[in-house]
Amino acid sequence: TALDCAKKAEKEAADNKREMANALLTHANLLAAMSSKPKDKKLVEAVSDTRQALTLEPDETIAHFNLGVLLMKQEQDADGVTEMKAYLASNNTDPATVKSAREDIADPRRAREPYAPEFSFNTLEHQQISLASLHGKVALLDFWGSWCPPCRASIPTIAALQKDFAKKNKDVEFVGISSDDDSNAWQKFIAANRMVWPEYLDLDGHVQHAFAVDSYPTYIVLDRNGVIRFRQSGFDEQSSGGELAEALDKALKVKLETGALAAASGSADSAAAPAQAPASTSNTAAQPTSVYGNPEPTYIKGPSYNAAASSNATPSSASGKGSFIVEVLVQPNAGDGARSYVASIAQTVKSRWLVALPQEAQEGKAGVVLVQLEIGHDGKLADDAEIMKSSGSDALDHSALAAVSAAAPFATPPASSDSTFEMQIIFAYNESLTDAVHSLASDDPQ
């Protein structure tokens, strides 16, 4: 659908060279995201689109970088390096892309292989974990949260896997990266559940951001060379353990490359995509399991905002009291497009919510509102949104409902969805995410 829209945009652009170039670059980037092999015809078309965009708009210097990535994907490394250097020589560059271009020039494989971004942190046990320290090992990165029911359900499976691989292979490291916002509760949870592998509390979210994690749990397997060999969001009690074991076994079979870099040099701003792409791409994710009686919802944790949130609010690393958090749960009746669709809805609702927060909330009033809605095939609300759990405050409840109503109509749901697209959204006013989800869980008879 996005490809079709990009083609339509080309036609609509007519004689507007800049808009035509933008449409061509978008089309090229989508093709690149959908390609998998150097000889893929999609890459040939993407290269053609990008060259045409440069002809129309020579000043669109990012196109040189994009073209360099595309050529390297085709294993035309010399030509790719030339385009990268053309980008670096231009006057219109940005630090993150300059860094990426220099890395690709030094090692063109980075345009073809999904190298993990650079990261480093000290665990609960004061052990330093980094991409460099994991070099030569296979690693399972488990992004989780004690607030997340599927994450809690996964612990026995992860513990069994860790114990099994610790016995048979010392080259496998399990690392937990938590999205919790309460250090004491996090430590107590780890101790109570005997989670003996290294654990890190990612309070500011920088590791989650580096790996583009926005749903929980998410599992990422790195091979000995720091290349991402497996990524999955969600936990299924019947299959996830076997899939993770298989992914680890496959990663163990990848040989350590002589001269391979001990650590990927990507910054914390780079997203771990299936391979470096000229445009950001979404990672598909398996759906998690069980919450509040809705089978297999998708968890998408929204960023926190500080208590002074307003029309010009900016993201904050604040958590606990004084933060506002959107949590989206969706039934899996929309196929593979559900996750990205939900993310777009979350962003839209959140923006409407933050510009109209009631005075009570800004003065510190706490409360949790759970709103349920159904979106029809036309993107309109199939019926009025309904409050499934009240905060006890009319102002907070009305604010949540108003945000949903103001955001509608939404984009058309994925083509594979059922008659309606059902969602629940948690609005947490001056509550930590952990407390908000736990309070809802305690109210649910299931």
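The exercises below cover a sheet with its helices, then a cavity.

This is a predicted model, where local features need pLDDT of at least 70, side-chain atom pairs count only at pLDDT 80 or more, and totals for chains, interfaces and linings use all residues. Residues are numbered from 1 along each chain as its sequence is written, and side-chain values use heavy atoms, leaving out hydrogens and water.

**Exercise 1.** Work out the strand order of the open sheet, and find which helices pack on the sheet.

*Solution.* 
- Start with the order: five strands run β5-β4-β3-β6-β7, with mixed pairing. Strands here are DSSP runs (E, at least two residues; helices are H or I, at least four), numbered from the N terminus, and two strands pair if DSSP finds at least two bridges between them.
- Next, the edges: β5 (199-201) and β7 (228-233) each pair on one side only.
- Look inside: β3 (residues 138-144) and β6 (residues 218-222) run antiparallel, joined by five bridges. Leu 141 has Ile 220 in β6 as its bridge partner.

**Exercise 2.** Find what lines the largest cavity.

*Solution.* 
- A cavity is a set of points on a 1 Å grid over the protein atoms alone where a 1.4 Å probe fits but cannot get out; lining residues have an atom within 4 Å of a point.
- Eleven residues line the largest cavity, and Leu 131, Leu 134, His 135, Asp 223 and Gly 226 lie nearest its centre.

Conventions. 1 Å grid on protein atoms, 1.4 Å probe; cavity = no way out; pocket = protein on both sides within 12 Å on 5 of 7 lines; lining within 4 Å.
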